[in-house]
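Subject: Structure handover

Hello,

Here is the structure you are taking over. Please open it alongside this email, and my findings follow below.

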Amino acid sequence: MVRRLRFNGTDSKNGACPAVHEDLDSGEIIVQGRPLTDPDDVAQLQHLGPEDAAVAVPRELLVNHGPREMERVTKTIDVEEFGRLFETFQYSAWHLETRRSYASDREDEAYAEFLTTGSAPGDLDSGWCLNIRRQTDSGKYVGRVRVVDNPPTLGQRFLLSYARWNAATGEDVRNIWRDDAGRVHLPAEDFWLFDSRLVAVLNFDGEDVFHDVEVITEPAEVLRYCQTRDAAVGASIPYDQFAARLNPKG
């Protein structure tokens, strides 16, 4: 079907390209400009698909004729697509955990053993652990900060016990008291931040059941989550030191 395009503007004085158009149905922005064809230039582009094309336009064109505002449309992804993010990130993956309990933990056999022995078992040969070890061995950073209540909930104690298995894969695992999290203005959100460019917000229902993943890529929003990460890491302490303070005799 032929697109319904609206001409938004051009900075050209003679009517030639570059120019900006808008698809009135999809909201997509069409930018026309000089094609980028030099192989050395094209080789530097990231995430360029086989059917994608790149064009070069003056910065002023986007400033003057690009969209100023838009209503944010929530994008959700399924568990399979979410899982692929852990295989394809390039530099870093970081997690903020803020919930008092997770239904998936309570359904895990390791949780039942923890209730009996007080120690959470782990499997370093699981698909998750093998992938994270593969990523950290290649030089990528994987980390998390867990917010803990005082006193910790049973679910939080389980995760604190399990933290040694996270750390064994090369993760930087840290903890912070909830009161301290409030003082540095950490949000009450669970999210993963990938490569400081993509945020995956984990949504749960009232029974702590994981529901879906909301993806955020708007630069201004991503920056806010990056600032949250920096504040969380700066105010938290490594999990083993945290556990030692929690259980000074153990």
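β2 pairs with strand β3 (residues 29-32) in the antiparallel sense, over four bridges. Please note that this is a predicted model. Within the pairing, glutamate 22 has isoleucine 29 in β3 as its bridge partner.

How many residues of strand β2 (residues 19-23) are buried? Five of its five residues are. Both faces are covered. Ala19, His21 and Asp23 are buried on one side. Val20 and Glu22 are buried on the other.

**The open sheet**

Eight strands form an open sheet with mixed pairing. The order is β6-β12-β11-β10-β7-β8-β9-β13. β6 (75-77) and β13 (237-238) stand at the edges. Each has a single partner strand, so one side of each has no neighbour in the sheet.

Start at the β6 end. β6 and β12 pair in the antiparallel sense over three bridges. Threonine 76 stands opposite glutamate 214 in β12. Strand β12 (residues 210-216) has five of its seven residues buried, so the rest of the structure largely encloses it.

Next come β11 and β12, antiparallel over six bridges. Phenylalanine 204 faces phenylalanine 210 of β12 across this pairing. β11 and β12 form a hairpin with five residues between the strands. In that hairpin, aspartate 208 takes a positive phi near 70 degrees.

Then strand β10 (residues 190-194) meets strand β11 (residues 198-204). They pair in the antiparallel sense over five bridges. Phenylalanine 194 stands opposite leucine 198 in β11.

**Asparagine 203**

Asparagine 203 lies in strand β11. Is it buried, exposed or partly exposed? Its relative accessibility is 26%, so asparagine 203 counts as partly exposed. Leaving out residues up to four places away in sequence, asparagine 203 touches Val209, Phe210, His211, Asp212 and Glu214. Aspartate 108 is 95 residues away from asparagine 203 along the chain, and their C-alpha atoms are separated by 20 Å.

**Backbone points to check**

Most residues other than glycine have a negative phi, and most peptide bonds are trans. A few places here depart from that pattern.

- Asparagine 150 and proline 151 are joined by a cis peptide bond, with omega about 5 degrees. Proline 151 is in the loop between β8 (141-148) and α7 (154-168).
- Histidine 185 has a positive phi, near 65 degrees. Histidine 185 is in the loop between α8 (178-183) and β10. The residue is exposed, with a relative accessible area of 69%.
- Serine 196 has a positive phi, near 55 degrees. Serine 196 is in the loop between β10 and β11. At 33% relative accessibility, serine 196 is partly exposed.

**The chain as a whole**

The protein chain has 10 helices and 13 strands. Its radius of gyration is 23 Å, well over the 18 Å that the globule rule gives for 250 residues, so the chain is more spread out than a compact globule. The C-alpha trace spans about 80 × 35 × 35 Å along its principal axes.

What share of the 250 residues counts as buried? The figure is 36%. The chain exposes about 15,200 Å², and carbon and sulfur atoms supply 51% of that. Take the contacts between residues at least 6 apart in sequence: 68% of them join residues at least 24 apart. As for charge, there are 28 positive and 43 negative charges, and their mean positions are 5 Å apart.

Best wishes

Notes:
Residues are numbered from 1 along each chain as its sequence is written. This is a predicted model: local features need pLDDT of at least 70, side-chain atom pairs count only at pLDDT 80 or more; totals for chains, interfaces and linings use all residues. Side-chain values use heavy atoms; hydrogens and water are left out. Helices (H or I, at least four residues) and strands (E, at least two) are DSSP runs, numbered from the N terminus. The radius of gyration is taken over C-alpha atoms; the globule rule is 2.2 Å times the number of residues to the power 0.38. Buried means under 20% relative accessible area, exposed over 50%, partly exposed in between (1.4 Å probe, protein chains only). Contact means heavy atoms within 4.5 Å. Accessible areas come from the Shrake-Rupley method with a 1.4 Å probe; for residues, only the protein chains shown count as cover. Lys and Arg count as positive and Asp and Glu as negative; His and the chain ends are not counted. The place of a charge is taken as NZ of Lys, CZ of Arg, CG of Asp or CD of Glu. Two strands pair if DSSP finds at least two bridges between them.
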